[in-house]
Amino acid sequence: MKLIGDIDPLIKTAILYRQACQLALNYGFRNKTYNRKKLNAATYRLTREQIPQLPSSLVQCARDQAAELLKRERCRTLPTKKRLQIRYDKRTFKFYAEQQYVSLSTAAGRLNFKINIYDYCKQYQTGIYTNAQLIIKNGKALLNIQCRMPDVQSVVNLDSVRVLGIDRGIMNIVTCSDNSFVNSRRLRAAKGRYQYLKAKLQSIGTASAKRKLKKLSGAERRFTLDVNHVIAKKLVRKPYEVYAVEALRASSWKARGRRLNRMLGGWSYGELLTLLTYKSENVGKRVVRVNPSYTSQRCSMCGHTDRGNRKGLEFKCKRCGFELNADLNAARNIGQLGRSELIRLSSTSQS
Ligand SMILES: [Zn+2]
C-alpha cells in the first residue's frame, strides 16, 4: 500500500536502518554467528553510539533481519544490505484499518501516514496485524502489511457457526442451502458459442484457423476461470463461517462429476472448489468436504432416506411429506453434514 505524505523522514530512517543492519551483518560474518542474543550483546551499544537517531526498537528489528540473512547464508558469505527497506514489528508500527492510516517509528519519532487501501485488501481489515515491510522505491514509500486471520477452529461455540451447504448441478451450477443459486444459463450459452466457433475453425483447418483456435481455447479457459472467480467471491461474501461442499474422492462421484462438468462444456467444479477454499481461508473462513452419498435421497427435514423420495427436480419425503426443490434439499443435507463434520474435526483436534 502506498504511503501518502512527506516521506523524507522515512527515506532518512531507511538509510540509518540499512547502516544498523550492515553493522550487525559485518559482526556476525566476522565472528561466524547468526545468534540473535550474541549479535545483540556485541553490536547493540555500538550501533546506538554510531547511529543515535535510529530508535532502539528499530535497531532491534535491523539486528533480527541481519540474523536471518546470516542464517540463510550460513555465514559463508557476507550479505550486503542494498535495498532501502525497513522491517516493522508490532512494537514499531500500528495499522488503523478503518481510519486508513499507519503510525510508524522513524528517526524523527513516531509519524502517521495516510494510506491507500487497495480494494482487494479490504477483506483483510478484520485480521491481526503482525508485521510490515516498508520499501522505498523510485521515490515512493510502499508498505506491505502482514496479517493473521482469526481462526474459525478456535470458535468455541460450534452451534453459533453458520454453515452453508452447497450442491452442484446442471441447471444451476451451484445451489446453496440459503435458497440462493447460480444459474448456468450464461455459462452454457457462452460455452455453446465457443464450441460453435471451435467446430467451425477446425473444419477450415488452415494455419491461420489453427492459430485462432489456440487463441480461442485460451479465451475460453480464462472465461470459465473468471466465472469461477465470480461465483467463489459471491459465496465468500455471504454471512457464513463455513462452507460445506461435496468431497470429490470416491470414483463413482468423480465419474458423475466428469459428466456434469462435460455437460457444462468442460467447466471445472474442482477449480471452483480450489478458488472457494483459498478465498475462504484468506478471510478466516473454511471449507469442509462431506461425503455426498445419499444427499439427494435423504429428507433434510426428518432424515428419512429413500430412493423414491426424489422425482426429477422435485423432492417429496415418503415419510413426513416434506416437499422442496431437489437440489435445495440436497444442499441442506450437505450443510447438515458439514456441521457434523465440523464437530467431528474439532473434537479430534482437541483430544
Ligand atoms: Zn421427511
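Visitor: Let's take the sheet with antiparallel pairing. What is the order of its strands?
Guide: The order is β1-β5-β4-β3, in an open sheet of 4 strands with antiparallel pairing. Bear in mind that this is a predicted model.

Visitor: Which strands stand at the edges there?
Guide: β1 (3–4) and β3 (93–96) do. Each has a single partner strand, so one side of each is left without a neighbour in the sheet.

Visitor: How many bridges hold β3 and β4 in their pairing?
Guide: β3 pairs with strand β4 (residues 101–106) over 4 bridges, in the antiparallel sense. As one example, K94 is opposite S103 in β4.

Visitor: What do strands pair through, in general?
Guide: Strands of a sheet pair through backbone hydrogen bonds, and the pairing is either parallel or antiparallel.

Visitor: Back up a bit. How many helices and strands does the protein chain have?
Guide: The protein chain has 8 helices and 15 strands. It has 351 residues, of which 29% count as buried. Among its contacts with a separation of 6 or more, 64% are between residues 24 or more positions apart.

Visitor: What about the sheet with mixed pairing? What is its strand order?
Guide: That open sheet has 5 strands in the order β10-β9-β8-β11-β12. From one strand to the next, the twist averages 25°.

Visitor: Which way do β8 and β11 run, parallel or antiparallel?
Guide: They run parallel, and 3 bridges join strand β8 (residues 163–168) to β11. In β11, V242 is the bridge partner of V163, and Y243 is the bridge partner of L164.

Visitor: And how many bridges join β11 to β12?
Guide: There are 5 bridges between β11 and β12, and those strands run parallel. V242 also turns up here, opposite R286 in β12.

Visitor: Why is β11 described as largely enclosed?
Guide: Because 5 of the 5 residues of β11 are buried, the strand is largely enclosed by the rest of the structure.

Visitor: Which residues of α5 are buried, and what covers them?
Guide: The buried ones are E220, T224, V227, N228, A232, L235 and V236. Their cover includes α4 (185–204), β11 (242–246) and α7 (269–282).

Visitor: How do α1 and α3 cross?
Guide: The axes of helix α1 (residues 8–31) and helix α3 (residues 56–73) come within 8 Å and cross at roughly 45°. The two helices are therefore oblique to each other, and the crossing is right-handed. Residues making the contact include Y17, A20 and C21 of α1, and L58, V59 and A62 of α3.

Visitor: Last one: where is G308?
Guide: G308 is in the loop between β12 (286–290) and β13 (310–311).

Visitor: Is G308 buried or exposed?
Guide: G308 counts as exposed, because it has 9 C-beta neighbours inside 10 Å, and the cut-off for exposed is 12 or fewer. Its C-alpha is separated by 7.4 Å from that of K318, and those residues are 10 residues apart along the chain.

Technical notes. Residues numbered from 1 in each chain as written. Predicted model: local features only at pLDDT ≥ 70, side-chain atom pairs only at ≥ 80, totals over all residues. Buried ≥ 20, exposed ≤ 12 C-beta atoms within 10 Å, placed from the backbone. Contact = placed C-beta atoms within 7 Å. Pairing = 2+ DSSP bridges. Axes fitted to C-alpha atoms, helices over the stretch in contact; angles between N-to-C directions. Parallel < 35°, antiparallel > 145°, perpendicular 65-115°, else oblique. Left-handed = near helix turned anticlockwise from the far one by under 90°.
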